[in-house]
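Please open the model in your viewer and keep the sequence panel beside it. The stops below follow one another as selections, each with a short account of what is found there.

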Amino acid sequence: MSQVDYTTLIPNNVDLSSDARLQRAMEQWYPKYLDWWNDMGPNGFQGFDVYLRTAVGVDSEGWARFGYVKMPEYRWGILLAPQVENRKIAFGEHIGEPVWHEIPGEYRAMIRRLCVIQGDTEPASVEQQRYLGETAPSLYDMRNVFQVNVEEGRHLWAMVYMLQKYFGRDGREEAEGLLQRRSGDEDRPRILGAFNEKTPDWVSFFMFTTFTDRDGKMQLESLAQSGFDPLSRTCRFMLTEEGHHMFVGRTGVERIIQRTCQALNENGITDPGDIDKARSLGVVDLPTIQKKINFHYSVTLDLFGAEISTNAANSFNAGIKGRFNEAKIDDDHQLKSDTYPVAQVIDGAVKTQEVPALTAINARLADDFIGDCESVMKRWNRVFTEQNVDFQLRLPHRAFNRAVGEFSEVRVDPNGSLITEEEWQLKKNHWLPSNNDLEYILSLMEQEVRPGKFANWIAPPRAGINGQVGDFEYVKLN
Ligand code: BYC
């Protein structure tokens, strides 16, 4: 297994000490990162021991070690997946050529932009989640949000490494900028829309890690195909950590659904859509869960960019950003004459039309994402079958509530029918969380920190982290 060197200030497996300029740049950035972490990371919990995993190797087996760590002392570092010998560019106009180990001059701006956008999302999510510790429904959940946070911090390191190593002074400036923008800030917002939304409660957190982290997975998978090998390797390792984040989200929502169903059953409530009765039991009512899905799913779809995009076509052509599972796709990987079906507004309705496949890279990635989300919905809906509750959750239509791309100028209901602005205004609170719904969710958020105990609105997990027992003290608060 390729081990990471932990004897140096910055753990790494990139032989950092052999590159004095880079080492100096990273060492100068580190204290600024720590300042940002202390200001914008988990509020009020920096001094406590948290049971965290730290990456100690980069192979798929046994890459992490678990132990108590105070978050500011977490060993962030630079980890790249192992180099694949004789790797060839798998798509675009350079297909079949050896991958690049140095940045190709003509693609400098493109790669820099992708690294900055990717890098910007990582600290943004930490900022969005910084108050969640205060309302954690259990020590298990508290530990999970902190785990997600430190790893998003490391993903920022991954992109800062790319910027500092390959982009000289420009890269240093971008690396500073990543610590200066702030989620939701009017003057210096984060770059992408969803990363300026609030994550004020745990239902939002679980939805975010289900849907928005899943966009992270899709984007990282596409960048992992890159012909620029260092970008590919850094994204491949980031994907190793991403799995747990989506697990936290999916199982978090699953546990909420399970608890609500149990409460409805125990109290003989036969209408699963009865909001008032569910709320009188102090659980999250199922219609509000549906609205939260509608919101987070649609806001996340915007992160794929415009369905038809020349930016995406250019980065595919250049061999810099591929498609999901590029190697498994059975075509010429150049998309010279292929077409791809893309949903668009045509004659007052949402219809699918074939467009040149090269321009539809973003639409295709969104399709892959939607397929992944459908399987999450199946898992969530299975809970209703298990609990014998007559209810189903579903994804809204892809055109619903969009602010980027083909549907950003129209109003569409969750079934995909175009509606007027008037109808939208009348019904939007039936489809998206209203202030009242959000206030109700917030009212449930009370911290539960007794080991093995859980807030009333969420069921315990099926298993502990790293095989720990139910009342394990994941965060030592004393
Ligand atoms: N908000 O051709 P277009 C993650 C801009 S999540 C604001 O439509 P393109 C994570 C776009 O920048 C994954 N602006 O799109 C998850 C462009 O502006 P410029 C993050 C937006 O370029 C949870 C213009 O509109 N990684 O890792 O084909 C926790 C036209 O662009 C938005 C990436 O996204 C928006 N939603 O695709 C932690 C991968 N959408 O530059 C982490 C890197 C578009 O012309 N980024 N715009 O002024 C990319 O691959 C692409 O930039 C995008 C957009 C997919 C984001």
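**Start in a loop**

Begin by selecting Gly-268, which sits in the loop between helix H6 (229–266) and helix H7 (275–280); helices here are DSSP runs of H or I with at least four residues, strands are DSSP runs of E with at least two, and both are numbered from the N terminus. Gly-268 is exposed, because its relative accessible area is 55%, where exposed means over 50%, buried means under 20% and partly exposed lies in between, with a 1.4 Å probe and protein chains only. If you draw a distance from Gly-268 to Tyr-140, the two C-alpha atoms are 30 Å apart in space, while 128 residues separate them in sequence.

Before going further, note that this is a predicted model, in which local features need pLDDT of at least 70 and side-chain atom pairs count only at pLDDT 80 or more, whereas totals for chains, interfaces and linings use all residues. Residues are numbered from 1 along each chain as its sequence is written, and side-chain values use heavy atoms, with hydrogens and water left out.

**Helix H10 and what follows**

Next, select residues 361–387, which form helix H10 and include Gln-387. The 27 residues of H10 should span 39 Å at 1.5 Å a residue, and the end C-alpha atoms are 40 Å apart, which agrees; the expected span is 1.5 Å times one less than the number of residues. Gln-387 counts as buried because its relative accessibility is 17%. Leaving aside neighbours within four places in sequence, Gln-387 is in contact (heavy atoms within 4.5 Å) with Gln-258, Cys-261, Gln-262 and Asn-265.

Move on to Asn-388, which follows H10 and lies in the loop between H10 and strand E5 (411–412). Asn-388 has a positive phi of about 60° although it is not a glycine, and at 70% relative accessibility it counts as exposed. Most residues other than glycine have a negative phi.

For another residue of this kind, select His-333, in the loop between helix H9 (310–317) and strand E3 (339–346). His-333 also has a positive phi of about 60° without being a glycine, but it counts as buried, at 14% relative accessibility.

**Helix H2**

Now select residues 108–128, helix H2, whose 21 residues reach 30 Å from the first C-alpha to the last, close to the 30 Å expected at 1.5 Å a residue.

Within H2, pick out Val-126, which is buried with a relative accessible area of 0%. Which residues does Val-126 touch, not counting those up to four places away in sequence? They are Trp-36, Trp-37, Met-40, Gly-41, Asn-149, Glu-152 and Gly-153.

Select residues 139–166, helix H3, which has 28 residues and reaches 41 Å between its first and last C-alpha, close to the 40 Å expected. Because 27 of the 28 residues are buried, H3 is largely enclosed by the rest of the structure. At its N-terminal end, Ser-138 caps H3 through a side-chain oxygen that lies 3.3 Å from the backbone nitrogen of Tyr-140, and just after H3, Gly-168 takes a positive phi of about 50°.

The largest nonpolar core has 114 residues, and those with the most contacts inside it are Tyr-33 and Trp-457; such a core is a set of buried Ala, Val, Leu, Ile, Met, Phe, Trp, Tyr and Cys residues joined through side-chain atoms within 4.5 Å. The largest share of this core, 16 residues, comes from H3. Apart from this core lies another, of 13 residues, among them Phe-91, Ala-312, Tyr-340 and Ala-360.

**The ligand**

Finish at the ligand, which has 29 residues around it, with Gln-118, Ala-306, Ser-309, Lys-321 and Asn-362 coming nearest; a residue counts here if one of its heavy atoms lies within 4 Å. A backbone N or O atom of Ala-306 lies 2.7 Å from an oxygen atom of the ligand, and a side-chain N or O atom of Asn-311 is 3.0 Å from a ligand oxygen atom. The protein covers 79% of the 1,100 Å² of accessible area that the ligand has on its own, as found by the Shrake-Rupley method with a 1.4 Å probe.

Notes:
Polar contact = N/O pair within 3.5 Å; in protein donor to acceptor, adjacent residues only side chain to side chain.
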